[in-house]
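Please open the structure in the viewer and follow the stops below in order.

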Amino acid sequence: MDPFGLFCTGALLACGLYWFVCLLGPAEQKGKRAVDLSGGSISAEKVQDNYRQYWSFFRQPKEIETAEKVPDFVDTFYNLVTDIYEWGWGQSFHFSPSIRGKSHRDATRLHEEMAVDLIEVKPGDRVLDVGCGVGGPMRAIAAHSRANVVGITINEYQVNRARLHNKKAGLDSLCEVVCGNFLEMPFKDNTFDGAYSIEATCHAPKLEEVYAEVFRVLKPGSLYVSYEWVTTDKYRGDNPEHVEVIQGIERGDALPGLRNYKDIAEVAKKVGFEVVKEKDLAKPPALPWWTRLKMGRIAYWRNHILVTVLASIGIAPKGTVDVHEMLFKTADYLTRGGDSGIFSPMHMILLRKPQVPPTQS
């Protein structure tokens, strides 16, 4: 081949690589580049061992049914997946219904803004984000409401990422991030004017424990809204396919066990909340929340090839390929759960902490 032909071939390959890696969804737009993938707070040489440790939890199911074991279980999971979530999905680690004429980013933002609108906070109020991740919802909610948002996450790496994003967004004066366990929150009683959790309390071994903590730190009369992961009225425990899908979701998302939608309000009332409103936001006329997962299959294979190459040349930690493959399999279970209607990640419940009853003279 003559020099001109070689040049043209090289240019074509370079353009193809650029299109494949960048134009199909550049990670830089989401705040994390592929070459920067890590294991969170886990050193690169220990990522693969921690991946194996994560799966060992499921070989000892009783170990993840106690509050003492769950923090390590969830912390390990988010060390493994946080960078991949940011790179492949964005800074908001949750789903939202598709909206005609709106981008996924806009649909996500509107889903988050609805949460803070429901709890009726005012500018300057102090609001708690229960399980804030890297703070995507926190920033959208702070910008929308001008409330002071305090987020708590078990994962130290996520705390650092959230603080970095808050500063970049110019919202660090409204957003505070605390590293802690939402089963034992480091806040005084009657501290917050409102609270929300977006697909986070599913990690609690017992929902009443996290709801009781939220109840404790809320001011009397304040509202709390939660988007819960649940099995729906279509789920059948004697259907092997249903069981396979739900167990696949649990294994791939660090869940001690999914709850049935009927249990949520009962737990809330048990710890003292008044139920103001309850609705599955995934039900029609809402458009499917899992559409984005289906549309992302091409991007997954592109990303998987890239992760495999980066791991093989030592840029990405060895276990990253295993984690990425696990998340793809989990995406398939989530899609099947959505298609069949047996699973919802957005069962909304709005709760109020009652006013303190008047003292008797």
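This is a predicted model: local features need pLDDT of at least 70, side-chain atom pairs count only at pLDDT 80 or more; totals for chains, interfaces and linings use all residues.

**The whole chain**

Residues are numbered from 1 along each chain as its sequence is written, and side-chain values use heavy atoms, with hydrogens and water left out.

Colour the chain by secondary structure to display twelve helices and eight strands (DSSP runs numbered from the N terminus: helices are H or I with at least four residues, strands E with at least two).

**Two helices**

Next, select helix H7 (residues 207-217) and helix H9 (residues 261-270), whose axes come within 9 Å and cross at roughly 45° (axes are lines fitted to C-alpha atoms, for helices over the stretch in contact, and angles run from 0 to 180 degrees between N-to-C directions). H7 is therefore oblique to H9 (angles under 35 degrees are roughly parallel, over 145 roughly antiparallel, 65 to 115 roughly perpendicular, and the rest oblique).

Show the side chains where the helices meet: Leu 207, Glu 208 and Tyr 211 in H7 are in contact with Ile 264, Val 267, Ala 268 and Lys 270 in H9 (heavy atoms within 4.5 Å).

Finally, select Lys 206, in the loop between strand S4 (192-198) and H7. Lys 206 counts as partly exposed because its relative accessibility is 42%. Between the C-alpha atoms of Lys 206 and Val 267 the distance is 9.4 Å, although 61 residues separate them in sequence.

Note on methods:
Buried means under 20% relative accessible area, exposed over 50%, partly exposed in between (1.4 Å probe, protein chains only).
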